[in-house]
Amino acid sequence: MVLYINGSEVVRSPLMPQTGEITYLTGTSTYIPTADENNFWTYPVDESLFVDGENTIAVSVHNQNTSSSDISFDCRVTDSITYKLDGPYVFYRNDEIIVKTIEVNGPNTYIYTDPTSVELICRFPDEADSFYVELKEELIIEESTFPLPQKFLATSDIEGNLEAFVMLLSDAGVIDDNFNWIFGEGHLFFVGDLFDRGENVTECLWLLYKLESEAEAQGGKIHFIIGNHDMMNLIYDFRYVNSKYILNVQLIDETLESIYATDTELGRWLRTKNIIEKVDPLIFVHGGISPAVAALNLSFDTMNYWGRYRMDDDCPTYEGQTINGGSDTGLYWYRGMAYEELTQEQVDQILDNFGTEKIIIGHTVFDEITFLYNNKVVAIDLDHEDNFQDGFMEALYFEDGEFFNFYTNGTVITYTYLNGLTVISDNEIPEYSKLVLKNYPNPFNPTTTINFSIQSNTKVNLSIYNIKGQKIKTLVDCNLEKGNHSVIWNGKDDTGKSFSSGVYFYKLNVNGASKQIRKCILMK
């Protein structure tokens, strides 16, 4: 719609062209999602635009095109707006750093000239919690290939569901209660689609942005593989954008096109990410690898080059168009592997050509983590929104060459064995990766046994920490011989004082270098 007051245009809705003349032939950039068709959309109008006495309010309503099947209209004037928290959005304009937010009292703008003085805060719905973010000193385009880490957690398709995302990361021991990285040298793979549908896309993005620096400081790594919905927001396809953002961009005097543009911090950061990565012997990609893409015989660097090219322009070559194609070919759209439309021979050949054993995909929802094609394709997209509403979260967990289904309902946490890698021999696993660290039972009351193994005679420290990261108990601090060891913790400190129910962490430090952290839950 376009709104006029007393003959002057004052507002264009976000799906209308934001520049140029509007005529009766002007269509919209996309359509309102079906679930939002009957929503009311609120647009702030300055009171000074009205005059004493009679005023004329006119609205022109525009369909996407002449073949659109339906259109509806209603209008009312109100003197109140219910604000939904959002931001921060960081823009670099005219040698200034402009930060825009939606807070309880409405839109706010903060202007800085020094990046080190910028203070960003992300607020949870209803201000239930928050976390701070510091701007990175530089943004570097990601490598396309990596060595296999000793452990990782992999998930996808969170789609702005912040609380579900935090529950998963927290209970899996990736973050603590203050949203800080505690996964050590572990890796977190997010295999696409942080955008759309949910109401906390911005906060999910900033959380990964924040954790990325913290992970690297501890020797860990975050891998953000671009999915179709992430790409859609960068190329101005807003058909699944949550209605919250259609309102909020108006409130901060921006557009859906501008909030992730090349002059924004999140926009620049997203443009450093890949659409496919090889973590030998695994491939991570959002949709899948089609025979058409495989036939191009391109390097991972080249495929990612075209993925980043598409973020700002149409690809001029066949290979770029194929890689970024729709569900028939594109890396972040293709569903043929998930739908088992290929033969086993085709999948084997694709993986052989790329020199890998398995491919891990999101994009297509399954009831549970599913291994397809003789365990060559691992589908990890689960219905996180429904699962969270039902009180649990699941994800793919990997450690020491073995895959597990990670499950949490906030109280009970389990790791169910799924499958193992076959191309890695024990001699190929780095020494630090051979550490075994587990406790049972978990949750526990009154005691739990912590089992660990070391590969040589060495100095070992095993200590207990609370959720604030404070050491509260040292269980082992001495030289031990190579082999398997176990120690019992009774939920007490060095003075014999019992701790209350809650989440605790135990950290194994071998020879001052190799470290592993696990979570245990004391329930009384």
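Residues are numbered from 1 along each chain as its sequence is written, and side-chain values use heavy atoms, with hydrogens and water left out. Because the model is predicted, local features need pLDDT of at least 70 and side-chain atom pairs count only at pLDDT 80 or more, while totals for chains, interfaces and linings use all residues.

Strand β5 (residues 96-103) runs antiparallel to β4, and six bridges join the two. Here strands are DSSP runs of E with at least two residues, and helices are runs of H or I with at least four, numbered from the N terminus; two strands pair if DSSP finds at least two bridges between them. The pairing belongs to an open sheet of three strands, ordered β4-β5-β6 and antiparallel. Its edge strands, β4 and β6 (106-112), each pair on one side only. From one strand to the next, the twist averages 20°. Helix α4 (residues 243-251) lies across β4, β5 and β6, running at about 45° to β4. Axes are lines fitted to C-alpha atoms, for helices over the stretch in contact (heavy atoms within 4.5 Å), and angles run from 0 to 180 degrees between N-to-C directions.

A parallel pairing is found elsewhere: four bridges join strand β11 (residues 187-190) to β12, with L188 opposite I222. In β12 (residues 221-224), K221 and H223 point one way and I222 and F224 the other. All four of these residues are buried, that is, under 20% relative accessible area with a 1.4 Å probe and protein chains only.

A cavity is a set of points, on a 1 Å grid over the protein atoms alone, where a 1.4 Å probe fits but cannot get out; lining residues have an atom within 4 Å of a point. Grid points are joined across faces, edges and corners, and a volume is the space filled by probe spheres set on the points. The largest cavity has a volume of about 90 Å³, and its lining includes F195, R197, F238 and Y260. Eight nonpolar, two polar and two charged residues make up this lining (Ala, Val, Leu, Ile, Met, Phe, Trp, Tyr, Cys and Pro count as nonpolar, Asp, Glu, Lys and Arg as charged, and the others as polar).

The second largest cavity holds about 40 Å³ and is lined by L85, D86, G87, I102, I121, R123 and E203. Strands β4 (86-93) and β7 (120-123) are the elements giving two or more residues to this lining.

Note on methods. On a 1 Å grid over the protein atoms alone, a cavity is a set of points where a 1.4 Å probe fits but cannot get out, and a pocket is an open set with protein on both sides within 12 Å along at least five of seven lines; lining residues have an atom within 4 Å of a point. Buried means under 20% relative accessible area, exposed over 50%, partly exposed in between (1.4 Å probe, protein chains only).
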